[in-house]
Amino acid sequence: MSRSWTTAVLTVAALVIVSTPLVWLLGSPDAGQLTGASVQAATGVAALVWALFQRATDGSGSARRSRDRSVAVATGRAEAEDGGIASTGVRRPAGAPGGSARAERTGDAVARGEGSRASTGVDFGE
């Protein structure tokens, strides 16, 4: 889930959870209103827990830390010409945040022409 969607779900869940006590503050609810408010609160808590869980994992159960780890495995062939860049591994811009990077069984990278570059492993760019 993207960061913007996670933030949106967290915000809505927090609003739903906070708005529930308003039912009791605005009057004396009957049994139906009390049940509705309870369902609303449970839904808000469930959405909040779900969004927090989505933020912590990538769906496979393993922790998601994309900014800390980059992996390229079994990639294909890449070609660059006339100043282009061909990379079949991990490519990070210079000055990007650190973290581990791994490239395994990458494909061929070919550069032709002046100023062209090719990389099959970990490339921290210029």
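Reader: In which loop of the protein does Arg105 lie?

Author: Arg105 is placed in the loop that runs between strand E5 (100-104) and strand E6 (109-112), where strands (E, at least two residues) and helices (H or I, at least four) are DSSP runs numbered from the N terminus. The model is a predicted one, in which local features need pLDDT of at least 70 and side-chain atom pairs count only at pLDDT 80 or more, while totals for chains, interfaces and linings use all residues. Residues are numbered from 1 along each chain as its sequence is written, and side-chain values use heavy atoms, with hydrogens and water left out.

Reader: Why is Arg105 called exposed?

Author: The relative accessibility of Arg105 is 61%, and a residue is exposed over 50%, buried under 20% and partly exposed in between (1.4 Å probe, protein chains only). Arg105 therefore counts as exposed.

Reader: What makes the backbone of Arg105 worth a remark?

Author: Its phi is positive, about 45 degrees, although Arg105 is not a glycine. Most residues other than glycine have a negative phi. Ala74, in the loop between strand E1 (69-73) and strand E2 (78-81), also has a positive phi, near 55 degrees.

Reader: How do you know that Glu104 and Arg105 form a salt bridge?

Author: The closest N and O atoms of Glu104 and Arg105 are 3.8 Å apart, and the term asks for a side-chain nitrogen of Lys or Arg within 4 Å of a carboxyl oxygen of Asp or Glu, so the pair qualifies. Glu104 also meets Arg102 in a salt bridge, at 2.7 Å from N to O. Glu104 is partly exposed, with a relative accessible area of 30%, and Arg102 is partly exposed at 42%.

Reader: What makes the salt bridge of Arg77 and Asp108 a link between separate parts of the chain?

Author: The side chains of Arg77 and Asp108 meet at 3.7 Å, N to O. Arg77 lies in the loop between E1 and E2 and Asp108 in the loop between E5 and E6, so the pair ties together parts that are 31 residues apart in sequence. Arg77 is partly exposed, its relative accessible area being 49%. Both residues belong to a network of salt bridges that links Arg77, Glu79, Glu81, Asp108 and Arg112, and the whole structure holds 6 salt bridges.

Reader: Why is Gln54 called buried?

Author: Gln54, which is found in helix H3 (residues 31-56), has 19% relative accessibility and therefore counts as buried. Its C-alpha atom is 10.0 Å from that of Arg3, a residue 51 positions away along the chain.

Reader: How do you know which span to expect of helix H1?

Author: The expected span is 1.5 Å times one less than the number of residues. Helix H1 (residues 3-19) has 17 residues and reaches 24 Å from its first C-alpha to its last, close to the 24 Å expected.
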